[in-house]
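Please look at the sequence and structure shown here before reading on.

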Amino acid sequence: MARILVIDDEPSILESLNMFLTEKGHQVFTAQTGAIGLALFSKKSFQVVIMDIRLPDFNGLDILQTMIKKKKTSKIIMITAFQDMETTIAAIKRGAFDYIHKPLDADKIEKAVNRAINILEIDRETPSLDPGKEISDNPWVIIGRSEKMRRIFKMIGLVCTSHVNVLLQGETGTGKELIARVIHLNSSFKDEPFVIFDCSAVVGNLLESELFGHKKGAFTGADTTTRGKIEMAGNGTLFLDEIAQLPLSIQGTLLGFLQRREFTRVGSSSTLKSRCRIIAACNCDLTDRVNKGLFKEDLFYRLKVFMIEVPPLRQRLMDIPLLVEHFLSKINRELGTVVTKLQDGVMRMLVNHTWKGNVRELENTIAQALVGCRGNVLLKDDIDKLLNIKNRSPRMGLESYSLAHVEKEHITRTLSHLQWNKTRTARLLGITLPTLRSKIRKYEIKQIDLS
């Protein structure tokens with residue numbers, strides 16, 4: 001049973017909703033004006049408020065805003081006979097839980113009320129994320145405690161003290177640009193520029209000009225002399241993303257720069273110098289492209305003076321809870337939301353999902369969920385819908401997985417589902433307990449603390 005306040009100037013609607021909701025077991029209070037409704041709201045505690053937008057004394061949107069400012073937990077459902085876009089947007093924007101058009105549909109009312117009560121119950125039963133844990137608001141922090149990430153932190157510590165070139169290899173969305181920036185920020189030239197250049201985002205005939213700059217009149221449209229990315233980087237860092245997409249002709253020019261630390265702008269004969277560090281990144285195996293003649297071997301060795309392999313998210317599952325808490329804090333700040341709780345089972349769903357887009361996909365999923373969240377709790381239903389949409393993509397990418405990978409994933413998911421009860425897991429998988437233990441050791445499967 002919930003305590004519900006209904007505010008509407010139409011007696012017939014007040015009577016209908018009173019009877020309908022009372023029959024469902026709720027305690028109902030009614031008000032025919034905004035002033036009476038607001039007075040009741042201030043004195044009593046209501047789980048749900050159902051309020052008309054057009055009231056005789058006040059605009060319902062203004063009352064909505066006043067109620068939201070009181071910071072009560074009540075879920076406010078707005079109703080109106082006017083089906084215009086602007087009012088709907090304004091109501092949701094100001095904090096309405098739902099928006100229902102007249103003539104009222106009993107099923108829609110019941111569904112909205114039940115959903116509101118359900119969310120309030122989940123909110124009440126769900127503890128907040130560790131309140132004592134300080135989450136960094138530094139935008140350039142790498143999150144992780146797994147062995148693979150600790151190894152990367154050590155490598156960053158080693159390379160940031162020198163000026164050598166770095167090659168980052170890893171799948172899309174693993175955080176290569178963030179690692180490049182952290183290397184720069186921990187270097188002795190951290191106050192120098194950090195310049196980003198996406199080699200795949202510029203058409204071939206403009207690449208040389210973008211990298212090395214051009215002289216006025218060098219080509220049609222070159223109305224002014226322009227500095228290239230290398231010159232802009234000065235004594236700092238030039239991050240070359242998607243380096244594998246660089247055409248062979250430009251690869252040769254870049255190689256010449258790395259050998260001599262000299263370059264010329266397009267259309268100029270003057271030689272310029274630069275001491276910028278190059279950090280290159282790619283989402284493929286550059287060695288394979290070298291073997292196929294698609295990437296210059298000399299350039300490859302010039303870039304990989306220091307190489308860091310960035311692991312995909314599926315190889316660092318124990319970091320997902322940390323990443324989720326970090327993204328919740330970050331996205332709450334950006335969106336002005338206050339989602340501080342995860343419904344029981346949400347973290348397990350996120351850990352068990354195959355993140356083909358890696359950390360970037362996880363962050364985008366959290367952001368999508370927070371935009372649609374109607375309370376303080378991230379719900380299983382909302383996450384389930386988002387993950388199911390992602391799973392319905394036409395290509396599942398299974399052709400890239402080995403049989404061993406599929407077996408490891410299946411064992412990991414089953415262990416997680418059964419809360420790491422190995423006896424039940426072995427029985428469900430149809431293998432002996434010693435065989436399960438052997439496979440856990442073989443695949444280095446570790447239990448993840450979701451508390």
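Helix α4 (residues 85-93) lies across β4 and β5, and runs at about 150° to β5. Helices (H or I, at least four residues) and strands (E, at least two) are DSSP runs, numbered from the N terminus, while axes are lines fitted to C-alpha atoms, for helices over the stretch in contact, with angles from 0 to 180 degrees between N-to-C directions.

The model is predicted, so local features need pLDDT of at least 70 and side-chain atom pairs count only at pLDDT 80 or more, whereas totals for chains, interfaces and linings use all residues. Residues are numbered from 1 along each chain as its sequence is written, and side-chain values use heavy atoms, with hydrogens and water left out.

## The sheet with β1 to β5

Five strands form an open sheet in the order β2-β1-β3-β4-β5, with parallel pairing (two strands pair if DSSP finds at least two bridges between them). Because β2 (27-31) and β5 (98-101) stand at the edges with a single partner strand each, one side of each is left without a neighbour in the sheet. The twist averages 20° from one strand to the next.

Strands β3 (residues 48-52) and β4 (residues 75-80) run parallel and are joined by five bridges, with M51 opposite M78 in β4. Helix α2 (residues 34-43) packs on this sheet, touching β1 (3-7), β2 and β3, and its direction makes about 160° with that of β1; contact means heavy atoms within 4.5 Å.
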